[in-house]
Amino acid sequence: MRRASKKSLSSAATASAGPTKAVSKEVERIDQFFYTYADNSSVMIDPEGIETLCSHLEVPHTDVRILMLAWKMGCEKQGYFTLDEWRAGLKALRADSISKLKKAFPELVQEVTRPSNFQDFYIYAFRYCLTEDKKKCIEIPVACELLNLVLGLQFRPQVDKLSNYLKYQNDYKVINMDQWMGFMRFCNEINFPSLDNYDSDLAWPLILDNFVEWLRENKS
């Protein structure tokens, strides 16, 4: 068997090291980008750092794309980005600077709004707003803001009516995951504003039965 020459071994090693070196350089730039906004003591990007990031991105911190970014990173705690989360998300987006992150937003929006991803994002949005451990519900005002953020673009008439109802009613102070998922199913499946295919005998959360009853009573 012919042995590989030292020269060919050296060339192969250089070739294999090339992509690795490029990746490590990319991670280094992503890390530097992170430390631009991170708090020195916690080594996390905290709410203040996120506000600064948003101002550099020229988007409000309430913009749905910031929530999409948190989803892409797999962030666990609302208002905080860890270095590992930042690396995972920004490597996937190939973004190591403000200009590249801005350019990545349209692609990110496309990715999130694909039917195969949107339900995961919708569930994530709810869980992201559970600000305390073991918390299982979100307050009505938070639910209204979140509905507007994640469903408002696709289902504006339904979201407006649902938000009005949630603010009007007094039976519920909080929303749980089952109700939250019911809202998306309602928007996707029910003819609006006719509601002619809504059947309360099917397995809808009670809050949606009440919502439909309220809509029918208040039809102008």
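This is a predicted model: local features need pLDDT of at least 70, side-chain atom pairs count only at pLDDT 80 or more; totals for chains, interfaces and linings use all residues.
Residues are numbered from 1 along each chain as its sequence is written, and side-chain values use heavy atoms, leaving out hydrogens and water.L195 sits in the loop between helix 9 and helix 10 (helices are DSSP runs of H or I with at least four residues, strands are runs of E with at least two, and both are numbered from the N terminus). Phi of L195 is near 60 degrees, a positive value in a residue other than glycine. The loop between helix 9 and helix 10 also holds P193, and the peptide bond leading from F192 to P193 is cis, with omega near 10 degrees. Most residues other than glycine have a negative phi, and most peptide bonds are trans. Another positive phi, about 55 degrees, turns up at R94, again not a glycine. R94 belongs to the loop between helix 4 (83-93) and helix 5 (98-113), and with 52% relative accessibility it counts as exposed.

Helix 9 itself has 13 residues and spans 18 Å from its first C-alpha to its last, close to the 18 Å expected at 1.5 Å a residue (the expected span is 1.5 Å times one less than the number of residues). Q179, W180, G182, F183, M184, F186 and C187 are its buried residues. They pack against several elements, among them helix 6, helix 7 (140-151) and helix 8 (156-168).

Helix 6 (residues 115-128) and helix 9 (residues 177-189) pack at about 140 degrees, their axes 11 Å apart (axes are lines fitted to C-alpha atoms, for helices over the stretch in contact, and angles run from 0 to 180 degrees between N-to-C directions). The two helices, helix 6 and helix 9, are therefore oblique to each other (under 35 degrees is roughly parallel, over 145 roughly antiparallel, 65 to 115 roughly perpendicular and the rest oblique). On the helix 6 side, F118, Q119, Y122, I123, F126 and R127 make the contact, and on the helix 9 side M177, W180, M181, F183 and M184 (contact means heavy atoms within 4.5 Å). By class, that contact has nine nonpolar residues, one polar and one charged (Ala, Val, Leu, Ile, Met, Phe, Trp, Tyr, Cys and Pro are nonpolar, Asp, Glu, Lys and Arg charged, and the others, Gly among them, polar).

Helix 8 and helix 10 have axes that come within 11 Å and cross at roughly 105 degrees, which makes helix 8 roughly perpendicular to helix 10.

Methods. Buried means under 20% relative accessible area, exposed over 50%, partly exposed in between (1.4 Å probe, protein chains only).
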